Amino acid sequence: MRLFRNSICHVWLISVVVAGLAGPILAQDENSATAASDEKISALIVDGQNNHGIWPKTTKMMKHYLEESGRFQVAVATTNPKGTDPDFKPDFSKYSVVISNFGYGAAPWPDETKRAFVEYMKDGGGLVIVHAADNSFPEWPEFNEMIGLGGWGGRNEKSGPYVYYDKDGQEIRDESAGPGGNHGPQHEFSVVIRDTDHPVTKGLPSEFLHSKDELYQQLRGPALNMKILATSFADPKFRGTGRHEPMAMSIDYGKGRVFHTPMGHADYSCECVGFITLFQRGTEWAATGNVTIPIPEDFPTADQSRSRPYTEMTNLAADELNNRIKEMIGMLEGEITADTLANLAGQDQFESLKESDEEKLERMIEAFRTIKAPALIEVLKSLDVSKAEFKENMATFDIQPRTVRFQKVDGVWYLQN
Ligand SMILES: [Zn+2]
């Protein structure tokens, strides 16, 4: 969508609509309307069978993290809960990247789907493997090649070497016999960047403290064309191997790219800003070969983990929100009166407007007049409402070129910077 640029600060306009005009009119900020980013990357999350019962929530979280970056539009394809699902046939070719949230014990995909996926990857597709997704499909050789390393499901020396870093920073490939995959009790642990030139890790601090998670160790697999981007020390205090285990890997498969992180056991593990950042950037890289998503300011430090609490979306479905915004556009195409605003105020999603006293209402009318209805209508039309989310205390609008968030505190919506 094209945005007009010089006239209006979108953030302020939407804050008028959603938050009510509680304060003075803000100065226009032209810098807030930088060039719109390129077309969105289309991504597909596949899920449906995972020994981690939290998976429906972590799928939503991953979808949210990708969309929040402003780079992706995300679809989800879910299999039946048990057994091979004969109807699971996503059209992979429609997507630049596929993210797996399957887990241990997931039933094989139908042969036709497996073939289509291998072809998609060889042709230059993208794949992202998170946590127990590397437990899945031990009997599928091409899949094992794509993911580089895997665990459980009978994986052993026949699957490939153990791969890790030793205390001198050497990558070791160990062919000795033994099962693939285990972990000790969950804990916070440090993640050390080993490849500082890879697009996914470039510019990250050399080390960060990851939120509580399972530290996967002794994964094994073909590990062909695999680069280890980051490792974590598996401390014997937590039944660890005493080795530096891979925590982020990139794998080339045919013309395709794979990003693999064994992190992400639980919702609280995925809330780690380090995880979110690696996941967003790894997915962008798997899709395009480049990374444009910046490293956020709240990135964890070597000593301090940082989490962003995730609240599930509660209120409006996208189509209902869509209808409401259309209604608003309809109202605003007429003359702006106190009635118009009273009508807007009647919509319970815009709660703070209800609280408008007369003086506030007058100020709002003045503001609407000043900015002129047609401009406001343009902004509302430019809202891609499928990308708007209402949570209990948070409203997020993905308005090119940035995401705008409002937070509700004591019943009033505030613009969140
Ligand atoms: Zn787990």
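These legends describe close-up views of a predicted model.

**View 1. Helix 2, residues 55–68.** The helix has 14 residues, which at 1.5 Å a residue should span 20 Å; the C-alpha atoms at its ends are 19 Å apart, in agreement with that value. Buried residues in helix 2 are Thr58, Thr59, Met61, Met62, His64, Tyr65, Leu66 and Glu67. In an α-helix, residues three or four places apart point the same way, because there are 3.6 residues a turn. Gly70, which follows helix 2, has a positive phi, near 85°.

**View 2. Strand 4, residues 126–130.** The strand is mostly covered, with five of its five residues buried. Side chains in a regular strand alternate between the two faces of the sheet. Here Gly126, Val128 and Val130 point one way from strand 4, whereas Leu127 and Ile129 point the other way. Residues on both sides are buried.

**View 3. Strand 4 beside strand 3, residues 97–100.** The two strands pair in the parallel sense, over three bridges. Val98 lies opposite Leu127 of strand 4. Between strand 3 and strand 4 the chain passes through helix 3, residues 111–122, and this β-α-β crossover is right-handed.

**View 4. Strand 4 beside strand 11, residues 256–261.** Strand 4 and strand 11 run parallel and are joined by five bridges. Phe259 in strand 11 is the bridge partner of Val128. Val128 is buried, and points the way that Gly126 and Val130 do from strand 4.

Conventions
Residues numbered from 1 in each chain as written. Predicted model: local features only at pLDDT ≥ 70, side-chain atom pairs only at ≥ 80, totals over all residues. Helix = DSSP H or I, 4+ residues; strand = E, 2+ residues; numbered from the N terminus. Expected span 1.5 Å × (residues − 1). Buried ≥ 20, exposed ≤ 12 C-beta atoms within 10 Å, placed from the backbone. Pairing = 2+ DSSP bridges. Right-handed = clockwise from strand over helix to strand, strands pointing away.
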